[in-house]
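Let's take a friendly walk through this structure together. Have the sequence and the 3D view ready before we set off.

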Amino acid sequence: MKQGVVDMKKLFIIALSVVALLFYSCGDKKVPYNYTTHHGKEFSIEYPSNWTSEVNVHPVAPFVAYSDYQTIRVGTRLIGGISLDSFVNERIENFEILLVGFNLVNKEINGDEAIIRYYTEDEESPKIETIMKIIKGKEHFYGADCSYDSEAQKDTVEHIINSFTLN
């Protein structure tokens, strides 16, 4: 009799786990943006389809896409004998000078790619977080950056930044 009760408890726990798993996996899911891909000569990047995009805005800004609240910018710079690590450190030093309330979160350099995460915050402005991806090409550095101030925007920015690649 005791063995039957133990088996019933095990069966009940297994059934409860299966039901919980089914409910969890069928719950509300985030509806992702539909993304459009910009296929440039040098790089590709995805951005939400409902954003406006502009190509060759400036010789050093070959692509920009934006919504009412966010902007993704892709810029270029000649390498000119500088290493990726030196370029990233130069970017950070410039941000410290130019951006009020600049705070570096982290920088990661992996091969020919780097990610810089930072936020700006001061007494008069809310906290704005930014992710910048820099890729070293043959003759140019290519950088894409986008800012966010909410978790929903962060998911979009991470998707955009992760999609940024050289062709």
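Strands here are DSSP runs of at least two residues, labelled E and numbered from the N terminus. Two of them count as paired if DSSP finds at least two bridges between them. Keep in mind as you look that this is a predicted model.

A hairpin of three residues connects E8 to E9. The two strands run antiparallel and are joined by eight bridges; here you can find Ile135 standing opposite Tyr142 in E9. E8 also has strand E7, residues 113-120, as an antiparallel partner, again through eight bridges. In that pairing, Thr120 stands opposite Ile128 in E8.

Which residues have the most contacts inside the largest nonpolar core? They are Ile45, Phe63, Ile72 and Phe164, in a core of 19 residues. Strands E2 (43-48), E4 (61-66), E5 (71-78), E8 (128-136) and E9 (140-148), together with helix H3 (151-163), each supply at least two residues of this core. The most come from E9, which gives four.

Leaving out residues up to four places away in sequence, its contacts include Phe63, Ile72, Val74, Ala144, Ile160 and Phe164. There is also a second, separate core of 14 residues, with Phe87, Phe95, Ala114 and Ile116 among them.

Finally, look at Gln153 in helix H3. Gln153 counts as buried because its relative accessibility is 15%, and buried means under 20%. Beyond residues up to four places away in sequence, Gln153 touches Tyr69, Gln70 and Tyr148.

Definitions and conventions:
Residues are numbered from 1 along each chain as its sequence is written. This is a predicted model: local features need pLDDT of at least 70, side-chain atom pairs count only at pLDDT 80 or more; totals for chains, interfaces and linings use all residues. Side-chain values use heavy atoms; hydrogens and water are left out. A nonpolar core is a set of buried Ala, Val, Leu, Ile, Met, Phe, Trp, Tyr and Cys residues joined through side-chain atoms within 4.5 Å. Buried means under 20% relative accessible area, exposed over 50%, partly exposed in between (1.4 Å probe, protein chains only). Contact means heavy atoms within 4.5 Å.
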